[in-house]
Amino acid sequence: MATDLGELLVPYMPTIRVPRTGDRVFKSECAFSYESPESEGGLYVCLNSFLGFGREHVERHYRKTGQSVYMHLKRHVKEKATGAAGGAIPRRRNGKVFLDLELNRDFNGDDYECEDEAKLVIFPDHFEIPLPNIEELPALVTIACDAVLNAQSPYKKQESDSWEEEIQESKHARSLRQQDNGVRIPPSGWKCTKCEMRENLWLNLTDGSVLCGKWFFDGSGGNGHALEHYRETNFPLAVKLNTITPDGADVYSFDEEEAVLDPHISEHLLHFGIDMLQMQRTENGHHTDNHVQQRVSDWEVIQEAGLKLKPVYGSGYTGIKNLGNSCYLSTTMQVLFSIPEFQRAYVGNLQRIFDYSPLDPTQDFNTQMAKLGHGLLSGQYSKPPMKSELIEQVMKEEYKQQQRGISLKMFKALVSKGHPDFSSNRQQDAHEFFLHLINLVERNNSGSENPSDVFRFIVEERVQCCQTQKVRYTQRVDYLMQLPAPLEAASNREELIAYESKRKEAEENMRPPPESVRARIPFTACLQAFTEPENVPDFWSSALQAKSAGVKLPDLTPPIVIPEDTRDISTNNSLESPEIDESSVMQLAEMGFPLEACRKAVYYTGNMGAEMAFNWIIAHMEEPDFAEPLAIPTYMEADLLSSSLPTTSALDNQPPEESISILTSMGFPRHHAIKALKATNNNLERALDWIFTHPDCEEESEAMSDTADTEPNDNSFSNANAHSDFSLSPDQDLSSPRVRDGPGRYELFAFISHMGTSTMSGHYVCHIKKEGRWLIYNDHKVCLSERPPKDLGYMYFYRRLSSC
């Protein structure tokens, strides 16, 4: 038989590799789906590329690559048999167990056991060779199989990849058995049970013992009683007491000798009477649990805690597992794949994307987006429990949440690659991740329909020169509106003022703070604040050919054409007596600045005060003409200058060829150089600066009009954002496929809510309206929403109604 197996594998030996340092072995998840060794069909791992494939996708890989030898991994999860006394009977397991393959199900490790099965499969005939088979297989095959089985997870960060070590989930977290010993831990006033230490205290999560940590070289720390307790009992996990907040806690594994994650930390603490939602760290390191009722209310209201929410299953109702501070990602993706355009772009083109995926689909954005979309929308990973399972759970009085969701480890590793924040294990801002993902969609889009276009809109900014009262229009692209929250517009302003007074008084008298008060700001007030004028102190006025003060206003309605200046020019053409606030000039001169420089500063900032003029001086004091007398063009000169610029054709308005040549010799495209010179009135130095501040225009310039700036028409537009800005000609036709227009009526269809002290911590959930009903997506749990907290959202998503 040994000879037969050896001869059988001879033709495939050149294709079988042993994983080397740097090779990633995907033995827990399919590259195209969320199939795993626990799935019915198991997982096939290619012994050349070490990619994993579910049963539905392994044939495609074989046809594309010709690779024939795969290792098939199958995990069997079984409930342990019980003896006469009701306890589980220990059972020896035959075969090799994949030790670092995490158990995806929320089963208690003392009640369930895993039996892992491995075998070689040779395609296309599906010839199977059971493993281990050391004596019958060639040495190379045996070494390769053993290396695959013992390979680390491809998602574990190496120290060379990051200065910050990635915290991993503890192997004890999901199977931790806690003692029912009646121990209840108070919210404060702790001390070590073996000494009088009141600092650096650790709660053992198995028996509830409160013990001190290890001694530090500076004399702080403790007497090491927590470690001694572990050595006596082998109870592995402990949590540091003064780190418990609604956002999480610091957990240490004595067995693994490192800080770890405990995805069930909330339940483990509640077992000993500690409610995380009631805990808050104070400046002196102690905790309080009775002065954060408003914050607790927010957590409960947003997650609809205390309500019996009905789980839902099927297409579009698949949850996402929390990988440890990954809810910012999961909520964003749930909302995006509730949008038809994203569904069509990725799930609608699933087979085409998969068929044309690169040899390493784990590194292809479109493949992973299609995989994620299918995982959320197919219903394959959101099936209701069998009736027999429900009856059995009721009989045992241990009803468990059957929704398990999908794990986005592969997706997160790809979209966060190279990003210092998203690649970490810390909580992040959902808004920042949304923009990051839209950027990836734009960068990787190759189809006829770009799904990110549903968010794409135009904002027009109107900047008015404070001196000449003339205006400049610019238009930019953005994908969301960031609205300010004006506290002065709060409907409960008096209540806020009273709270702030009480808070300061409590702080001065070292008393607990009063119950917090949330500002209630109308949505219309946020919109109004968004359109409020903004001062631009260093605005370049083309009418003055100098820097001046300006006022910027984003217009969300069609721009109004400003009529030409009809004032009597003879009353405004004096160079000797410009209107200048002499009191501001004298304030600046008393600081030691040259008088003429002070006059220029006050003039160019529109007589808006000494403070703004002082800022102008600081910004311009290195200029060679800083102290020269003020000289401004008259309105007649400005009009003559303006009228002298040809506007009849793009050819007549061509910048000097020598200026174009200088810019193109630096490597800039000719059309980009021309646009930059036109935008800066052929000023070469400012044109170079314009190019660097408008990089996106290089891609857009060919599609834009090359005509000179003219008055804007009545096109629609919206807000702009620094992440994706580029200037358009004011008369640019915005009715292009990339900017959609329609009736100005919108409907809220989703919102993401945040709980915690900042967007960089805490927890995110989202509510989405589907089929006329609201649902709450809270990590892996998807339920019908009873009271969607629409007034506590962080990001709101609206869709345009087709008709008024």
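Predicted model: local features only at pLDDT ≥ 70, side-chain atom pairs only at ≥ 80, totals over all residues.
Local features need pLDDT of at least 70 and side-chain atom pairs pLDDT 80 or more, while totals for chains, interfaces and linings use all residues, and side-chain values use heavy atoms, without hydrogens and water.

**Stop one: the sheet.** Select β7, β6, β8, β9 and β10, which in that order form an open, antiparallel sheet of 5 strands. Strands here are DSSP E runs of at least two residues, and helices H or I runs of at least four, numbered from the N terminus; two strands pair if DSSP finds at least two bridges between them. At the edges, pairing on one side only, are β7 (210-212) and β10 (258-260).

Now zoom in on β9 (residues 251-253), which pairs with β10 over 3 bridges in the antiparallel sense. Look for V251: opposite stands V260 in β10.

**Stop two: the largest cavity.** Show F32, F53, R60, H61, K64, T65, S357, P358, L359 and P361, the residues that line the largest cavity. A cavity is a set of points on a 1 Å grid over the protein atoms alone where a 1.4 Å probe fits but cannot get out, and lining residues have an atom within 4 Å of a point. Which helix gives the largest share of the lining? Colour helix α2 (residues 58-65): 4 lining residues come from there.

How values were computed
Residues numbered from 1 in each chain as written. 1 Å grid on protein atoms, 1.4 Å probe; cavity = no way out; pocket = protein on both sides within 12 Å on 5 of 7 lines; lining within 4 Å.
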